[in-house]
Each structure stands twice: as structure tokens, then as C-alpha cells.
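Here is a short briefing on one protein chain. Look at the charged pairs to begin with, then the cores and the strands.

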Amino acid sequence: MPPHNPHSLPSLTLIVATTPIRTASTTTKEEITRLGIGLNGTLPWPRIKTDMSFFARVTSRPPTPGTTNAIIMGRKTYDSVPASLRPLAKRINVVITRDTSGSVRESVTTELVNMRRKIAAKAAQTQATKSEKETFDPPKEAAPADPMTDAIVTPSLGAALETLDSVYGAQGKLGKIFVIGGAEIYNATLNMGAEELAGRPVRVVMTNVVRKGAVGASASFECDTFFPLDGLHEKDGWRAVSPGEVSEWVGEEVDGEWKTDGDVEVQMVGYEKLI
């Protein structure tokens with residue numbers, strides 16, 4: 001059971017970038033739109049600076065001082081992060097794996113120790129520079145402490161949420177919870193039952209991605225990995241939310257308009273699962 005009032009549990013927000021791909025249905029033979037998310041274990045489109053910076057800001061910005069957001073991912077998604085950036089700073093990195101040998105846990109723990117050393121060294125350098133400056137200038141009011149950098153390894157999504165609630169939530173240190181992939185982890189989240197969710201809202205913040213200036217099928221990128229749902233429609237238990245609601249979820253303005261970024265066009269939208 002959750003350690004505190006279920007209504008206080010943070011929502012589960014899936015963050016995903018997708019490209020629409022028209023294909024024949026395997027059951028009705030009619031055309032459907034599938035949402036592609038990957039190709040050969042990586043992103044199918046060029047690096048999108050606006051989307052990457054959006055992801056970094058939103059997932060690392062806590063809702064209140066003293067809390068830290070969690071990002072839940074599968075082991076392959078974790079491994080896709082550049083080694084020098086693992087685990088991602090100022091977030092609780094939750095890695096889900098079936099590994100029973102302990103090798104994944106050992107690797108993640110080693111990387112966490114190294115990342116904390118880097119953060120501490122940078123903080124010490126910043127403090128030294130600040131102290132030197134304050135010799136000549138009056139000190140300013142202290143800024144809130146940065147969110148923690150942490151990492152845990154769990155065997156399942158349920159175990160991940162239980163750990164987040166009992167270890168961080170019970171101490172009032174848990175901020176928002178984001179699910180960042182891959183497809184199997186998205187699917188597990190979307191298929192959670194009411195008892196497992198314990199009152200948590202389930203939301204999707206989606207970046208639509210198409211080729212710049214292209215139309216029809218040529219606007220999509222080739223994919224071999226897809227988001228578990230072909231669409232998030234009301235008939236399937238979802239509602240499209242306004243840009244204002246998405247802005248509230250992520251803590252910054254989202255206008256829902258298409259924007260150009262290099263060779264692609266992107267649009268950020270949001271959905272919430274109906275209770």
C-alpha cells in the first residue's frame with residue numbers, strides 16, 4: 001500500500017516524441033496511423049535541439065524546493081544516454097531491468113558515484129569563485145539547493161513506484177514522475193490498473209515530429225519501434241488537453257503550435273487518461 005494519501009501521489013507523465021506513419025491494420029486491413037518512436041535502437045530523426053532542451057528543463061525542474069523529479073526508463077533507454085551524462089543529474093534515475101546477476105545495478109551504482117564526484121567538484125569550484133567575488137561584493141541571498149542526483153535499479157514498474165513512494169515520497173522529497181521509455185515501459189505504464197495507479201493521473205506529453213516542408217507519407221520518418229497506442233482518442237479513454245494544461249504539467253509555456261527546428265517541424269501536445 002502507498003505510504004501516504006493516494007490523492008497526494010504524483011501523476012505519471014509519459015514524455016515521448018513520435019512521427020505519424022500510415023500503415024495497413026493487421027486486423028481490418030484499413031489504413032491506420034501508427035506512432036513511430038525509434039529505428040535500430042535510436043531516434044529516427046536528426047537531433048532536435050528544442051525537444052532535447054525541453055526534456056532537460058522539464059524533467060529536472062522540481063515543483064517545489066527540496067523535491068526532486070524521477071525519470072523512469074528501461075535499461076536500453078538508460079544505456080542510450082551518453083556515458084558521460086549517466087545518470088542524468090538533478091533527477092532520480094529509475095532503471096527497470098530483468099537482469100538478476102546484479103551487473104546492471106553495479107554499473108549504475110558506479111556511474112552514480114562518478115557523477116556525484118563530478119557534481120561535487122563543480123560545486124566546489126563554483127563556491128571558490130563565489131567566495132572570491134564576495135570579498136569585493138556583498139553576498140546575495142542564498143539560492144535554493146539543487147535537486148539531488150540519484151539512481152535506483154528495480155525489476156518492474158510496480159517496484160519502481162513503490163520505492164519512489166516509500167523512500168522519497170514518504171520524506172516529502174519526491175517531485176514529479178516522468179516515464180521516458182522505451183516502448184515496453186510505456187506499455188507497462190499505459191496498462192496499469194486502477195489499483196496499481198492508486199489514484200495517480202496518467203498523462204502523455206507528446207512531441208509530434210515530421211520532415212520540414214514535406215506532406216503525406218514523405219513527412220514521416222522510417223521506424224521499427226512504435227508507441228503502444230496508435231492514437232489517444234476519447235473513444236479509447238483519452239482526452240486531448242489544452243496547451244494551458246500542458247503548460248501547467250511541465251512548468252513552462254507550451255502553445256501547441258508547429259515550430260521549425262533544423263530539418264524537422266515539431267508540435268507539443270498533451271493527453272490525459274480518463275478515469
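In this predicted model, E252 and R61 form a salt bridge through their side chains, at 2.7 Å from N to O. The two residues lie 191 positions apart, with E252 in the loop between α7 and β10 and R61 in the loop between α1 and β3 (68–74). Confidence averages a pLDDT of 91 over the protein chain.

- E252 is buried, because its relative accessible area of 18% falls under the 20% limit.
- R61 has 28% relative accessibility, so R61 counts as partly exposed.
- E252 also meets R57 in a salt bridge, side chain to side chain, at 2.6 Å from N to O.
- That pair too joins distant parts of the chain: R57 sits in helix α1 (residues 49–60), E252 in the loop between α7 (243–250) and β10 (259–261), and 195 residues separate them.
- R57 is partly exposed, at 36% relative accessibility.
- Side chains of opposite charge can pair when their charged atoms come close.

**Other salt bridges**

- How many salt bridges does a search of the whole structure find? The search gives 13.
- One of them joins the side chains of E184 and R98, at 2.2 Å from N to O.
- E184 belongs to helix α5 (residues 183–190), while R98 is in the loop between β4 (92–96) and α3 (103–134), 86 residues apart.
- Is R98 buried or exposed? R98 is exposed, with a relative accessible area of 67%.
- E184 is partly exposed, at 48% relative accessibility.
- A network of salt bridges links R203, R239, E245 and E272.

**Nonpolar cores**

- The largest nonpolar core holds 32 residues, and I72, L164, M206 and F227 touch the most other members.
- Which helix gives the most to this core? Helix α4 (residues 157–168) does, with 5 residues.
- Leaving out residues up to four places away in sequence, M206 touches V16, T18, L35, F227, L232, Q267, M268, V269 and Y271.
- A second, separate core has 23 residues, including I15, F178, V246 and M268.
- In soluble globular proteins, nonpolar side chains tend to be buried together.

**Strand pairing**

- Strand β1 (residues 12–24) pairs with strand β2 (residues 31–38) in the antiparallel sense, over 6 bridges.
- P20 stands opposite L35 of β2.
- β2 and strand β8 (residues 225–226) run antiparallel and are joined by 2 bridges.
- G38 has T225 in β8 as its bridge partner.

**Model confidence**

- Of the residues, 91% score a pLDDT of at least 70.
- Where does pLDDT stay under 50? This applies over residues 1–7, for which the model has 10 contacts beyond four places in sequence.

Definitions and conventions
Residues are numbered from 1 along each chain as its sequence is written. This is a predicted model: local features need pLDDT of at least 70, side-chain atom pairs count only at pLDDT 80 or more; totals for chains, interfaces and linings use all residues. Side-chain values use heavy atoms; hydrogens and water are left out. A nonpolar core is a set of buried Ala, Val, Leu, Ile, Met, Phe, Trp, Tyr and Cys residues joined through side-chain atoms within 4.5 Å. Buried means under 20% relative accessible area, exposed over 50%, partly exposed in between (1.4 Å probe, protein chains only). Helices (H or I, at least four residues) and strands (E, at least two) are DSSP runs, numbered from the N terminus. Contact means heavy atoms within 4.5 Å. A salt bridge is a side-chain nitrogen of Lys or Arg within 4 Å of a carboxyl oxygen of Asp or Glu. Two strands pair if DSSP finds at least two bridges between them. pLDDT is the predictor's confidence in each residue, from 0 to 100.
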